[in-house]
Amino acid sequence: MYQKLKTCYDSIRQKTDFQPEVALVLGSGLGDYADGIQIEQTVDYTDLEGFPVSTVKGHKGRFVFGYVGKVPVVIMQGRVHYYEGYAMSDVVLPTRLMGMLGAKKLLLTNAAGGVNSAFQPGDFMMITDHITTAVPSPLIGKNIDELGTRFPDMSEVYSKRLREVIRKCAKDCHIDIQEGVYVQFTGPSYETPAEIRLVQAWGGDAVGMSTACEAMAAHHMGMEVCGISCITNLAAGISNVQLDHKEVQETADRVSASFKELVTTVILAM
């Protein structure tokens with residue numbers, strides 16, 4: 001896996017020597033965020049040997065290098081999901097690659113289902129912690145010593161400093177932000193009502209099909225991590241509405257402008 005990472009790294013470095021400080025993974029509703037920054041270079045995933053390619057509609061599948069204000073960033077415009085059939089090591093390969101390219105800080109975004117009864121579709125939730133019991137750890141297998149230790153501490157995956165930054169930025173943007181624990185499932189099906197009751201018993205506030213594994217891999221290699229979920233729907237059993245991806249996309253699009261403003265403000269303050 002480390003050789004695969006090196007191959008992808010060398011392939012990108014043949015195309016650009018851009019040095020990012022911040023890495024950003026775009027979730028639903030933010031797919032076109034990268035189009036609004038000062039772009040210096042783009043690299044399609046298909047141009048990288050052995051790189052996993054996103055198959056989800058609306059995910060462009062490229063890295064965008066450029067500036068948000070004066071902050072040099074690398075943006076993952078289209079993430080890879082475990083449910084697409086990739087090994088978990090491939091799912092987190094892009095995250096690790098952005099770290100190898102120089103990014104020290106990582107902002108993860110996603111669309112999530114609300115489990116906490118206080119949440120409403122269109123809310124934003126700052127991730128304070130996560131649960132990955134339902135998915136394989138990206139650290140399973142031979143440890144990549146070049147990236148991190150065999151048994152990494154996970155008591156603060158989501159940086160306390162960056163959580164405070166998000167709180168302040170949300171206040172400055174006049175955006176009410178929720179806080180909570182994100183639970184990752186495999187997907188691609190939505191969770192059952194019984195699974196959501198289990199999440200509630202665990203202490204989870206939102207559910208999704210990404211993000212937590214990326215956060216774990218990034219933390220393993222020493223990146224400072226934070227995350228924001230857009231609550232696009234209430235999870236199964238919380239409401240009587242049948243779940244479908246159209247509702248998720250419609251809600252994400254509705255609050256997209258506010259989400260973009262929050263993301264930009266956070267990046268400038270990181």
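## Tyr-67 in strand β3

Tyr-67 sits in strand β3, which covers residues 62-68. The model is predicted. Is Tyr-67 buried, partly exposed or exposed? Its relative accessible area is 28%, so Tyr-67 is partly exposed.

Its contacts reach beyond its own stretch of chain. With neighbours within four places in sequence left aside, Tyr-67 touches Phe-18, Ile-37, Gln-38, Glu-40, Pro-72 and Val-73. Pro-20 is 47 residues away along the chain, yet its C-alpha atom is 8.8 Å from that of Tyr-67.

Helix α3 runs over residues 93-100. Eight of its eight residues are buried, and the helix is mostly covered. They are Leu-93, Pro-94, Thr-95, Arg-96, Leu-97, Met-98, Gly-99 and Met-100. Just past the helix comes Gly-102, with a positive phi of about 125°.

Next, look at Ala-103. This residue lies in the loop between α3 and β5, the strand of residues 105-114. Its relative accessibility is 2%, and the cut-off for buried is under 20%, so Ala-103 counts as buried. Which residues does Ala-103 contact, leaving aside its neighbours within four places in sequence? They are Pro-20, Glu-21, Val-22, Ala-23, Val-74, Met-98 and Met-223. Leu-24 is 79 residues from Ala-103 along the chain, and their C-alpha atoms are 9.5 Å apart.

Most residues other than glycine have a negative phi, and most peptide bonds are trans.

Start with His-174. Its phi is positive, near 60°, and it is not a glycine. His-174 is in the loop between α4 (160-172) and β7. At 74% relative accessibility, His-174 counts as exposed. Then comes the bond between Gly-187 and Pro-188. This peptide bond is cis, with omega about 0°. Pro-188 belongs to the loop between β7 (177-184) and α5 (193-202).

Is Thr-211 buried or exposed? Its relative accessible area is 0%, so Thr-211 is buried.

## Helix α6, enclosed

Why is helix α6 described as largely enclosed by the rest of the structure? Eight of the nine residues in this helix (212-220) are buried. The buried set is Ala-212, Cys-213, Glu-214, Ala-215, Met-216, Ala-217, Ala-218 and His-220. Gly-222 follows the helix, and its phi is positive, near 90°.

## Glu-224 in strand β9

Glu-224 is part of strand β9. Its relative accessible area is 22%, so Glu-224 is partly exposed.

Setting aside neighbours within four places in sequence, Glu-224 is in contact with Lys-104, Lys-105, Leu-106, Ser-159, Arg-161 and Leu-162. Thr-264 is 40 residues along the chain from Glu-224, and 17 Å separates their C-alpha atoms.

## The largest pocket

Rolling a probe the size of a water molecule over the atoms shows where empty space is left. How much space lies in the largest pocket? The figure is about 430 Å³. Its lining has 25 residues, and the closest to the centre are Tyr-83, Ala-111, Met-209, His-245 and Val-248.

β5, β8 (206-208), β9 (224-234) and α7 (245-254) each supply at least two residues. Which of them gives the most? That is β5, with four residues. By type, the lining holds 12 nonpolar residues, 11 polar and two charged.

Which residues of α8 are buried? They are Ser-256, Phe-259, Leu-262, Val-263, Val-266 and Ile-267. Seen down the helix axis, these buried residues fall within an arc of 130°, so they line one face of α8. The face turned away from that buried side carries the exposed residues Ala-257 and Leu-268.

Terms used: Residues are numbered from 1 along each chain as its sequence is written. This is a predicted model: local features need pLDDT of at least 70, side-chain atom pairs count only at pLDDT 80 or more; totals for chains, interfaces and linings use all residues. Side-chain values use heavy atoms; hydrogens and water are left out. Buried means under 20% relative accessible area, exposed over 50%, partly exposed in between (1.4 Å probe, protein chains only). The arc is that of the directions from the helix axis to the C-beta atoms. Contact means heavy atoms within 4.5 Å. On a 1 Å grid over the protein atoms alone, a cavity is a set of points where a 1.4 Å probe fits but cannot get out, and a pocket is an open set with protein on both sides within 12 Å along at least five of seven lines; lining residues have an atom within 4 Å of a point. Grid points are joined across faces, edges and corners, and a volume is the space filled by probe spheres set on the points. Ala, Val, Leu, Ile, Met, Phe, Trp, Tyr, Cys and Pro count as nonpolar, Asp, Glu, Lys and Arg as charged, and the others, Gly among them, as polar.
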